[in-house]
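Here are my notes on the structure. Please keep the model open as you read.

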Amino acid sequence: MNRLLVHLLVAAVFMCQHASAQLLTWSPAFPTAEDTLLITFDAAKGNKGLNNYSGDVYIHTGVITSASTGRTDWKHVVSEWNTNNAAFKLTPIGNNKYQIRLDTLRKYYGITAGEQLLRLAMVFRSYNPGGSVLEGKVSDLSADQGNMYIPVYSNNDLKVALFQPESEPRYNRYVLPLLKTVGETVNVAASSNLQSTIRLLFNGTELAAASNVKALNGVANIVSPGNQRIIAEAVSGPNTVRDTIDFFVDGNVETAPLPAGVKDGINYLNGNTSVTLVLYAPGKNTVRVLGDFNNWTERQEYAMKKTPDGNRWWLTITGLTAGTEYAYQYLVNGTLRIADPYAEKILDPFNDGEVISTGVYPGLKPYPAGKTTGIVGVLQTGKTPYNWQVNNFVRPDKRNLLVYEVLVRDFLSGHNWKQLKDTIPYFKKLGINAIELMPFNEFEGNKSWGYNPSFYFAADKFYGTENDLKAFIDECHRNGIAVIMDMVLNHSFGQSPMVQLYFDAANNRPSAESPWFNPTAKHPFNVGYDMNHESAATKYFFSRVTEYWLKEYRIDGYRFDLSKGFTQKNSCTTGDCGSNTEVNNWSVYDASRVAIWKAYYDTLMKHANGSYVILEHLSENSEEKELSDYGMLFWGKATEPFNEATMGYNDGGKSDFSYGLFTSRGWNNPHLVTYMESHDEERLMYKNLQFGSTSNASHNVKTLPVALSRNGAAAAFFWLMPGPKMMWQFGEMGYDYSINYCSNGTVQNSCRVDDKPIRWDYLQNTDRKNLVNVYDSLLQLRNHPLFRDTWISKDIGFSLNGTNGLKYMIVRTFNDTASVVVVGNFGVTAQTIGVTFPKAGNWYRYMVPEIYTASGTQQQISLAPGEYRIFLSRNLYGLGITPVQDIDNQGRLLSFGIYPNPVNQASSIVYQLPEPGKLQISIHDISGRQLGGTYQVNTIAGKGQLPVTAITGSVPQAGTYIIRYCWKNKMYAEKFNVFSSW
């Protein structure tokens with residue numbers, strides 16, 4: 001059926017609202033800042049968000065003035081959101097209509113005489129502080145976020161406005177909410193503020209004319225498709241003013257099969273000057289492409305063809321310039337403007353601009369302001385591909401993943417990929433082998449955690465360019481570090497074009513026709529709009545999204561957020577989807593969810609065999625075990641027991657670490673990614689300092705050095721437990737700001753996702769740097785070739801004893817190639833622990849030069865409060881696993897070490913420097929007395945070494961010594977030992 005969309009392209013004056021059949025009407029029709037304005041809102045129109053609502057309705061309003069920077073810059077907002085203030089309550093007048101009177105606009109909004117009032121801005125809402133708020137807006141929520149605007153005039157000069165056909169009061173254009181067909185008639189009406197001669201014209205033909213009137217009506221007959229125009233003209237003396245509506249009438253929709261080789265989204269198939277666009281939109285009547293290539297005007301040649309099954313729309317656009325970026329949108333059913341769900345770059349009128357600096361994203365294409373509304377996609381034919389440097393990356397064994405979770409926004413002041421790339425030497429020195437990035441596909445706003453996704457194929461510009469992201473991943477791979485993407489496919493948010501395509505505005509939720517979303521969530525703790533993972537459309541979308549990042553960006557796998565929500569089994573059966581009953585229902589074994597995840601895992605392995613699949617599942621153990629056996633990894637939350645131990649509270653088994661180990665769950669494989677901290681958990685150090693034990697004044701956990709040392713003890717058990725592990729950013733420095741820290745220094749739940757302080761200066765604190773060194777040493781041990789298989793083998797021998805303050809842990813392979821014993825006192829007083837080593841003989845303290853002789857029977861080890869010790873069955877001294885390293889102010893790695901250590905006649909000092917300079921080396925005994933002289937090396941950039949005896953003359957006597965390195969006025973120190981037996 002032919003359809004009509006009427007929309008304003010140029011409107012010097014807003015519509016004059018007299019007719020009752022409008023979303024918003026007001027009187028007087030041409031208000032000035034000194035007028036009192038009566039506004040009538042029809043809740044049955046627009047998005048119908050308050051249609052048939054029986055409660056109170058309030059206005060949320062501000063103004064656009066000469067001081068505003070644009071349509072989003074509301075000034076003098078007089079009504080707070082969702083507050084019950086009678087001054088902003090509308091009066092119901094029946095038939096879903098409400099009124100409010102604004103007395104003297106300038107006074108009402110508090111506008112000074114020097115500021116020009118241009119427009120009133122508003123939405124209408126319910127009052128519901130305990131739940132979701134209903135909103136009355138325009139029909140297309142992507143247009144100016146659904147806001148409504150009323151023009152304010154500066155004088156009483158001659159004015160004219162069209163108020164029919166029915167339209168909506170948007171910022172700078174008419175949009176008609178009702179479609180028309182060829183052959184229909186359109187009522188046209190105009191009004192003027194002064195007695196004048198008014199004419200109505202349709203396609204240049206006069207419909208009606210009258211002299212000495214203030215209003216005129218006419219009827220336009222739609223006789224053919226194409227571009228057409230309505231004009232209202234008013235003449236009074238020498239003055240002539242016009243108001244214009246340009247509209248387009250659709251012709252017949254062409255039906256044609258998809259061209260060979262195309263798929264949903266953007267297809268660059270035939271050279272560098274054409275593109276084929278495909279939109280999955282079953283049930284829609286018309287889809288038209290608007291963009292830079294047609295000056296954002298509707299034309300018949302940009303009408304998309306419909307496939308015979310009615311599910312897809314497609315169009316090939318030719319004549320494009322290779323390498324040029326084109327912004328574009330889909331106009332669906334003549335009213336809804338959406339960006340392509342598969343767009344690899346978007347332009348956002350609300351979140352680009354000054355927020356994304358040229359330093360982060362240079363040369364960002366400007367938004368086509370004044371030509372369209374809402375988010376637009378960007379396509380580019382003939383784009384130069386990124387030149388990958390690493391083409392043979394071997395992913396670390398998933399059973400030994402050592403993951404560092406990062407929120408770029410709160411990790412680096414520049415919040416960009418370039419700066420993160422420069423930080424890779426720090427990650428490498430620390431010893432992690434994987435970086436897990438919190439969501440970085442486009443999400444709503446800029447300063448979010450990213451769990452409110454809107455566009456799944458576009459990297460968020462707040463973090464930098466596409467090639468900057470690829471260069472970061474490339475450099476990670478060059479340094480042996482995998483990159484894991486936090487992916488959110490449980491839900492989407494309202495900016496998503498897939499949400500907007502099928503939306504029930506009256507109930508503020510996806511409609512039942514949506515191919516991807518459930519109208520209401522099937523499980524507790526859902527945010528946004530819940531996806532239906534039993535739908536074929538959702539399964540296809542999942543496959544396309546995950547394939548894209550694995551292949552286009554070469555990421556190494558995914559951590560899937562809220563994976564337990566991938567189910568159509570309804571847990572929310574009592575009406576309270578947050579009750580304990582519902583949560584328990586959600587967590588029990590779900591065969592349909594298992595089937596979904598097994599199929600998704602198979603899909604991912606087809607896209608990239610061996611890629612990581614990590615689920616945030618937190619469900620019944622039997623379900624996780626089954627999926628673990630299938631190959632998937634799982635987040636293993638162990639925050640509470642480790643934090644109880646670091647705070648010094650160990651009664652009643654609260655600090656039992658055992659559930660952080662896969663064997664304690666009866667699993668067959670080490671597929672549990674255990675963590676003490678994640679983005680979702682309170683920081684250990686914050687709780688140590690706020691709530692730690694103070695029962696022993698000489699070991700007060702609320703003091704920084706004690707709290708940090710206890711985190712080191714927890715780290716020893718955590719990192720040396722078998723299986724993959726994950727840490728949260730800055731955890732190695734003892735980050736001590738609450739997860740709910742606010743910028744004003746308070747701690748409030750409402751600040752959970754707010755920006756947090758970035759504290760690289762922690763490295764200047766000796767106690768914090770010591771904790772970093774502990775992490776460094778533990779991770780180096782995890783990575784050492786002699787011990788690496790100990791943590792990934794199915795055939796490990798493992799025991800963990802102590803649900804109270806005294807704990808010991810034994811990790812060994814059955815063939816005993818290497819074993820580790822860890823003992824710790826998490827009490828707040830000195831204690832003695834009985835330990836039986838796996839075998840008699842010499843054991844070697846790790847990080848401390850000491851040989852311990854095990855008897856093979858239980859032995860007593862005395863431990864100070866918070867003390868821990870690590871014993872190795874193999875002597876790693878001399879293997880150089882803990883050199884002194886640092887990062888200079890340009891992000892380059894410095895390294896100094898002495899090998900073997902303990903020192904013997906063959907030991908040498910080895911250094912690696914980024915540029916030429918003078919390196920001074922001296923050796924001192926434990927009391928500080930210098931042995932020999934100061935050795936000065938005039939280095940060239942790169943590696944070098946010299947014998948220890950070149951400084952000391954001979955191997956020193958048995959004991960502990962300190963070697964000092966002075967490079968560019970900065971001192972580094974390292975202990976070494978001489979054993980008498982060597």
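1. H533 is buried, with a relative accessibility of 1%. Buried means under 20% relative accessible area, with a 1.4 Å probe and protein chains only. The residue sits in the loop between strand 30 (529-530) and helix 7 (536-552). Helices (H or I, at least four residues) and strands (E, at least two) are DSSP runs, numbered from the N terminus.

2. This is a predicted model: local features need pLDDT of at least 70, side-chain atom pairs count only at pLDDT 80 or more, and totals for chains, interfaces and linings use all residues. Residues are numbered from 1 along each chain as its sequence is written, and side-chain values use heavy atoms, leaving out hydrogens and water.

3. What does the side chain of H533 make a polar contact with? One partner is the side chain of Y600, at 2.8 Å. A polar contact is a pair of N or O atoms within 3.5 Å; within protein, one must be able to donate a hydrogen and the other to accept it, and residues adjacent in sequence count only if both atoms are side-chain atoms. A polar atom of the H533 side chain also lies 2.7 Å from the backbone oxygen of L489.

4. Beyond its neighbours within four places in sequence, H533 is in contact (heavy atoms within 4.5 Å) with residues including N490, T538, K539, F566, Q568 and I596.

5. Elsewhere, L684, M685, N688 and L689 of helix 12 meet L704, A707, L708 and N711 of helix 13. The residues of this contact divide into 6 nonpolar, 2 polar and no charged. Ala, Val, Leu, Ile, Met, Phe, Trp, Tyr, Cys and Pro count as nonpolar, Asp, Glu, Lys and Arg as charged, and the others, Gly among them, as polar.

How values were computed. Buried means under 20% relative accessible area, exposed over 50%, partly exposed in between (1.4 Å probe, protein chains only).
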